[in-house]
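Q: Hey, can you help me look at this protein? I'd like to go over its cavities and salt bridges.

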Amino acid sequence: MLRVPKFLLKGLHRLQKGPGYTYKELLVWYCNNTNTHGPKRIICEGPKKKAMWFVITLLFAGLVCWQWAVFIQTYLSWEVSVSLSMGFRTMDFPAVTICNSSPFQYSKVKHLLKDLDELMEALLDRILAPEISHTNTTRTLNLTIWNHTPLVLIDERDPHHPVVLDLFQCSHNDSSPAPGSACTAQECKVAMRLCSFNGTLCTFRNFTSATQAVTEWYILQATNIFSQVRRQELVELGYPGERMILACLFGTEPCSYRNFTSIFYPDYGNCYIFNWGMMEKALPSANPGAEFGLKLILDIGQEDYVPFLASTAGARLMLHEQKTYPFIREEGIYAMAGTETSIGVMVDRLQRKGEPYSPCTMNGSDVAIQNLYNNFTTTYSIQACLHSCFQDHMIRNCSCGHYLYPLPPGKKYCNNQDFPDWAHCYLKLQVSVAQRETCISMCKESCNDTQYKMTLSMADWPSEASEDWIFHVLSQERDQSTNITLSRKGIVKLNIYFQEFNYRTIEESPANNIVWLLSNLGGQFGFWMGGSVLCLIEFGEIIIDFVWITIIKMVAFCKSLRRRRAQAPYTGPPPTVAELVEAHTNFGFQPDTANHSAHTEAYSDQQTLPIPGTPPPNYDSLRLQPLDTIESDSEGEAI
Amino acid sequence: MAPGEKIKAKIRKNLPVRGPQAPTIKDLMQWYCLNTNTHGCRRIVVSRGRLRRLLWILFTLTAVALILWQCALLVISFYTVSVSIKVHFRKLDFPAVTICNMNPYKRSAVGYLLADLDKETNSALESLYGFSEAKPRERRETRSRSSAWEGTTPRFLNLIPLLVFNKDEKGKARDFFTGRKRKISGNIIHKASNVMHVQDSKKLVGFQLCSNDTSDCATYTFSSGLNAIQEWYKLHYMNIMAQVPLEKKVNMSYSAEELLVTCFFDGVSCDARNFTLFHHPMYGNCYTFNNQENATTLSTSMGGSEYGLQVILYINENEYNPYLVSSTGAKVLIHQQDEYPFIEDVGTEIETAMSTSIGMHLTESFRLSEPYSQCTEDGSDVPVTNIYNAAYSLQICLYSCFQTKMVETCGCAQYSQPLPPAANYCNYQQHPNWMYCYYQLYQAFVQEKLGCQSVCRETCSFKEWTLTTSLAQWPSEVSEKWLLNVLTWDQGQQINTKLNKTDLAKLLIFYKDLNQRSIVESPANSIEMLLSNFGGQLGLWMSCSVVCVIEIIEVFFIDSLSIIARHQWQKAKEWWARRQAPSSPEVHPRQRGQDNPALDIDDDLPTFTSAMRLPPGPGAQVPGTPPPRYNTLRLERAFSTQLTDTQLPSEP
């Protein structure tokens, strides 16, 4: 504590007495004693070389600054380098989700779809054979569904006046020519009429083929019907696990449908997930090859498909990570009935660093969209985000949620009774580019991206020779019947196993870390000037000294101003420039207290002049060698 | 003090010996070592003892060698790349999709051109294998073989006879048509027999290709008659089709309306107008989706099958050519918009009565071109003219190279590739022996004798779509009835019969997700990095910098040279003086050179030369060069004496 007042006192003393040495002295001293290589040369060479070295030193200092800027910029761009590793190791077997292409069993769902199917059949008849009168059949139909979103035929034979004909209503009106009687697919287009605001604002959704038109129309109507049924009932209507999964073998362990977690996926009804890892630990697989993978035999029950809803027959299949929701409609593949499908799996994993290196999210907590798939306690994925985002838009624009996506609490699914405009609204939203782009910009991809690369191969199964006994055994097991209840059209065999190389991991690591930055900064400084951090400290010290000198001079100047005002102005001859230069350049110059008259005039105050300035500290330890004589110093300058 | 000494002292006093003006190289070295900023040199000079000095010399030299070695390594490894993999989730451009029917031309339309060829093939099959019916299912009009033979002599079999080789009779073959045995001269080329050991079968089928004068013949044999006949048929087929103008060929092939029953993209209907025609010589009319000029490229902003392209294709098996194509279906190729679809090389085949879903993942690769790798940006620096109307690719280069060579050697162009300027497709009328030429050239091309493979380079950047293809039954049993009816109505304009399940194929092409992986190469080193690595090496081993390098150049080159030059100049001057004044031979020349009689000792500052020419003191030894005192290099003593007044007063 004593030191501080001492230090302050010293400073005060200095302030009173003046700096004691000049800028030039300080600079020369610095150049001479610094460890950087350039400045020393400036001092010790002849005038020509001095200029050259001055330029070179400045140039190099500039270069160093520039290169440092480049390096710091590179560092702040947060680049990453990747390392790739691949091979085989014991890994958790992927979660396998299996669905049927048809969401429901037609025999169970018939009572719900009765009206719609009759309508659809009549509609097909009208399109295909418009000549035959269908008035009788039309009467019996439930036209409330039809009137909500009817299909129309747009007759474009006269391109300027396209005639719009409702496929059913025209038939009541016998006066008009039968619609599309001579109309072919090339001339007449089927379109869907979508109305909102009680049928006042209508738009047409055009189709180039009748197949698409009727399919889309049917799906829309079916969605309306199913959205009014409670989820528990829908689960009952789908394919039960014990009927679908006939045999299961994981490695050497037998498994059954009980090992599968059931979830309801609106597109495909009941889906079954093997090894989801929600309740118990995920199963690992330690060996490559089909013998050690998952073997499944499924029955898709093709004869019980909903005819207008499922035109493609097969099992839907997806491999995904544990605890992620299977977006099987987007990322699933088909497995064909009557074949054995072998799937070799390689896990392709990408692990990223996250902010600020790459724009991704670790767990989705920083995404502004509420994840509706949280109910399933699954982890964040960008698909979940996009679907949640769509549902969010749907609820905001149409005030009801779409059947395919989960509902936020307190909202209802869309149906024709409660939300008459929903179809119009939904289809508009579905094709809206703005909606998609908003969602894409709002959702962030997750940092860990796992893809399962599959190598698919197929063969006929069962073979003709083995067909009989295989079907017999499987029928017996499932239905306890001696008759064969299975057929080639419904049976699917799946082998899912790890390939010989089962992982490929791409991992990001920062390309430029702080060590890299420092070593490059040091390298640059060393390369051009032979400097180090200590040299920077030296430089800083000199700057402080400069500031100090300036402060002292300012104080002295102010003092002198005050005194000059009080006293008569100074009358003596001003010091010549030559004298000043001599005072600063002559190294032999010793501020002699005895005869200082010429030199001390450099300092403004004559009255207080007997006090010589403070020289810079005498850093003896920095000297390379002791000097022989003071005499030789002065000789050096004399040349 | 002797006067010499005195003068010397005076000179020393007045003439500071700076480095560059050092009298000898040794002095210069010593001066350098003492004053340089590098660390090793100084030790050499200041070390006491011979061993220690030697060690320091050794260390210094090792350090120098290490620096040179490391810097050389840095320079050599300068052109290396680092690879980074980035993932973007964004709206992706949908690729161009080219769809072809496997059969190039409708048999009903092209039949009159190929009737003779078919007839002859048929008869060849009959006589070789005893097969008599090769007609497509519905065209089973009985046609007696004998009636086909009578009347005209077979054109095609005469031109290139199909031959049967019997293993027992070497060098003899039976022309199956005439039944005559022929002596086979020239080389017999077994197809692929170099690579695989062909099982010795009794009968080999092949054909003979001869050049114009028929003396130089090459015979091609195949292990199976199937390959032989297909190859033989294809040769003739190409020859016939090469003479048909393009418009006619386009008309003979399938129209877009016919091929595409329905089309759906990104939730919106599309139709034949969204497809552009692309005529492929071997596949007839192909249609490319999303490759329209003056239209913007379509993009998808949603993953999943319903947001991709969904088409139902009409594959009319009845119109298939039985000899040319033996499989049914369509071929589909996913490629970039400006890329040429090499459908025969890299297509995916689509089965009928199936729904084929193709999920895509987009991977982009960017490589660095010269000097990092051999790839080319746009092919402009490859000495092969691109005969395709598409962006450069390795395949285009190879085919262009082959076609150019073909035109040079055979005088005509091969049918399955585009025409180079001012060339015609090969046909018998104008180029009777083109086939022989083509086969020879093709053999050379495959064996890399034409140099095409070494000239052509791969492109630096490319987009790759990784496909996951899965199949499912379509239409499903229960939906088959209504679906086929509606599809028949949709296709009503084109056909009159009811569609069959096996005439249709469903195709779905979509992005599985919108993740786009980019593999980007970037230079691992930049100039800054190289310099800072140099700096690190220099600093680590010797605490050296560019300033030191400049010093070294200054000292070792400029100053040393100037010293040597000065010595030489002096010697020359001596020699000249000796020649001019040979009158005083008694004076030792060396002494004379050093003796300067003109030197008068005054108080003027002596020049360096005058100082050097001082006569040595009579008895005194010539003193060794004192350690130079380069004052300027010393730390100045400008502030040597700390002034007492700044010190803290001892008592306040």
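This is a predicted model: local features need pLDDT of at least 70, side-chain atom pairs count only at pLDDT 80 or more; totals for chains, interfaces and linings use all residues.

Q: Which residues lie nearest the centre of the largest cavity?
A: Those are T215(A), E216(A), I219(A), L309(A) and E306(B). They belong to a lining of 47 residues.

Q: Which helix gives the largest share of that lining?
A: That's α9(A), with 9 residues. In chain A, α9 (210–226) and α14 (422–430) each supply at least two lining residues.

Q: How does the lining split into nonpolar, polar and charged residues?
A: You get 26 nonpolar, 14 polar and 7 charged residues.

Q: Can you walk me through some?
A: Let's take K49(A) and E554(B), whose side chains meet in a salt bridge at 2.2 Å, N to O. That pair crosses between chains, going from helix α4 (residues 47–76) of chain A to helix α17 (residues 546–580) of chain B.

Q: Is E554(B) buried or exposed?
A: Buried, because its relative accessible area is 10%, and the cut-off for buried is under 20%. K49(A) has 26%, so that residue counts as partly exposed.

Q: What about K106(B) and E258(B), how far apart are they, N to O?
A: Their side chains meet in a salt bridge at 3.3 Å. K106(B) sits in the loop between β3 (96–101) and α5 (107–129) of chain B, while E258(B) is in helix α10 (residues 256–259) of chain B, so the pair ties together parts that are 152 residues apart in sequence.

Q: Are K106(B) and E258(B) buried or exposed?
A: K106(B) is buried, at 17% relative accessible area, and E258(B) is buried as well, at 11%.

Q: Which residues do salt bridges with shared partners join into one network?
A: D348(A), D449(A), K453(A), R504(A) and R517(B).

Q: One last pair: what distance do you get for K295(A) and E291(A), N to O?
A: That salt bridge comes out at 3.6 Å. E291(A) is exposed, with a relative accessible area of 53%, whereas K295(A) counts as partly exposed at 22%.

Methods: Residues are numbered from 1 along each chain as its sequence is written. Chains are lettered from A and ligands numbered from 1 in the order in which they are written. Side-chain values use heavy atoms; hydrogens and water are left out. On a 1 Å grid over the protein atoms alone, a cavity is a set of points where a 1.4 Å probe fits but cannot get out, and a pocket is an open set with protein on both sides within 12 Å along at least five of seven lines; lining residues have an atom within 4 Å of a point. Helices (H or I, at least four residues) and strands (E, at least two) are DSSP runs, numbered from the N terminus. Ala, Val, Leu, Ile, Met, Phe, Trp, Tyr, Cys and Pro count as nonpolar, Asp, Glu, Lys and Arg as charged, and the others, Gly among them, as polar. A salt bridge is a side-chain nitrogen of Lys or Arg within 4 Å of a carboxyl oxygen of Asp or Glu. Buried means under 20% relative accessible area, exposed over 50%, partly exposed in between (1.4 Å probe, protein chains only).
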